[in-house]
Amino acid sequence: LHLETYLRRSIEKDEIFLHYQPQVEIDTGRLTGVEALVRWNHPELGLVPPFRFIPLAEDTGFINQLGQWVLHEACRQMVRWQEAGLEVPKIAVNLSVRQFERGTIVGMVGEILRETGLAPHRLQLEVTESVIMNTGDALAFINDLHAIGVSLAIDDFGTGYSSLAYLKQMPVQTLKIDRSFIKDISTDANDEAIVIAIIQLGKSMNLSVIAEGVETEQQAAFLARHGCNLAQGYYYSRPVTPDDILQRWQQRD
Ligand code: G
Ligand code: G
Ligand code: MN
Ligand code: NA
């Protein structure tokens, strides 16, 4: 069987699940949110990494079903944590460009929020710059999503065709600095300059800026020193199970 055939059955067979990666405030270590990251555990193939099945799901259109499942599960998990006594301030969920093509994204998000009872402001949708530049109606959809109260982050910021003109028009709240720029902070002067520029851009446009792929204390210190106080990365935590989130963060706050 082809991977594609397996993938189509993965949801009904209960092989898809989510891991969650903490987002933290650098100076306090406080949990500010989590990003939901999809995982596929196939009984024979084992854990299939997202870089193998997300592009396939996008090519085959399965991403629409998968994306809906992910969003629903992520919102339900927020409610479960809440019921267990842990208030996770915000959940970030990745959207792919294909999910904007059918024009049903806004209705789907609204319905999932209603059904799960999650407050809209606790959901953040992550889109890449290419979503914004390559989707004809992206601006309209993004305005509609903003209108129902969810927030928007630009993922992998700095790696795409970021048109600053677009950024200016859009109700975006957060820039996520791509981890490729964070990796060589302290050895690569260009990367340092780019990171500082993104932080400044965010500040002057009144956006919050989070760095991804933070793996060392030095990187965190550099970011904090330059005015970026939000981070996500292995230095704080890998993506982990819902239970891991509960155990680690319930005790801290
Ligand atoms: O942990 P990591 O290997 O999970 O993720 C690899 C890539 O897969 C990242 O670029 C991430 O944005 C993407 N990804 C993870 N989960 C999802 C998801 O639910 N939907 C989409 N569209 N992309 C995802
Ligand atoms: O593209 P996106 O930002 O949605 O994907 C997040 C991806 O980054 C996931 O694959 C996740 O496992 C990975 N990731 C998260 N933190 C780190 C990190 O500190 N270092 C590296 N190399 N990858 C990370
Ligand atoms: Mn992301
Ligand atoms: Na990213």
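Buried residues make up 35% of the 253 residues in the chain, where a residue is buried if 20 or more other C-beta atoms lie within 10 Å of its own, exposed if 12 or fewer, and partly exposed in between, with C-beta atoms placed from the backbone. This is a predicted model, in which local features need pLDDT of at least 70 and side-chain atom pairs count only at pLDDT 80 or more, while totals for chains, interfaces and linings use all residues. Residues are numbered from 1 along each chain as its sequence is written, and chains are lettered from A and ligands numbered from 1 in the order in which they are written.

Let us start with the overall form. The radius of gyration of the chain is 18 Å, which agrees with the value near 18 Å that a compact globule of 253 residues would have; this radius is taken over C-alpha atoms, and the globule rule is 2.2 Å times the number of residues to the power 0.38. Along its principal axes, the C-alpha trace spans about 50 × 45 × 35 Å. The chain is built from 11 helices and nine strands, which are DSSP runs numbered from the N terminus (helices are H or I with at least four residues, strands are E with at least two). Among contacts with a separation of 6 or more, 66% are between residues 24 or more positions apart; two residues are in contact if their C-beta atoms, placed from the backbone, lie within 7 Å.

Now follow helix 3, which runs through residues 63–83. Its 21 residues reach 30 Å from the first C-alpha to the last, close to the expected 30 Å at 1.5 Å a residue, the expected span being 1.5 Å times one less than the number of residues. The buried residues of helix 3 are I63, L66, G67, V70, L71, A74, C75, Q77, M78 and W81. Seen down the helix axis, these residues fall within an arc of 160°, so they line one face of helix 3; the arc is that of the directions from the helix axis to the C-beta atoms. After helix 3 comes G85, with a positive phi near 100°.

Just after helix 4, G117 takes a positive phi of about 80°.

Next, the ligands. Around ligand 1 you will find L37, V38, P49, P50, F51, I54, G67, V70, N94, L95, S96 and P239; a residue is near a molecule or strand if its C-beta atom, placed from the backbone, lies within 6 Å of it. Strand 2 (31–42), helix 2 (50–60) and helix 3 each supply at least two residues of this shell, and helix 2 gives the largest share, three residues. By class, the shell around ligand 1 has nine nonpolar, three polar and no charged residues. Here Ala, Val, Leu, Ile, Met, Phe, Trp, Tyr, Cys and Pro count as nonpolar, Asp, Glu, Lys and Arg as charged, and the others, Gly among them, as polar.

Around ligand 2 there are 13 residues, of which N94, G213, E215, G233 and Y234 come nearest. The shell of ligand 2 has four nonpolar, four polar and five charged residues.

Further along is helix 10 (residues 217–225), where Q219, A220 and L223 are buried. They cover an arc of only 100° around the axis, which puts them on the same side of helix 10. On the other side, E217, Q218 and R225 are exposed. The buried residues of helix 10 pack against helix 8 (179–182), strand 8 (208–212) and strand 9 (230–232). Helix 10 is followed by G227, whose phi is positive, near 95°.

S186 has a positive phi near 85° although it is a residue other than glycine, and its place is in the loop between helix 8 and helix 9 (189–204). S186 is exposed, with 12 other C-beta atoms within 10 Å. N206, also not a glycine, has a positive phi of about 65° and sits in the loop between helix 9 and strand 8. With 7 C-beta neighbours inside 10 Å, N206 counts as exposed. M133, in helix 5 (residues 129–134), is partly exposed, with 14 other C-beta atoms within 10 Å. Leaving aside neighbours within four places in sequence, M133 is in contact with G160, Y161 and S163.
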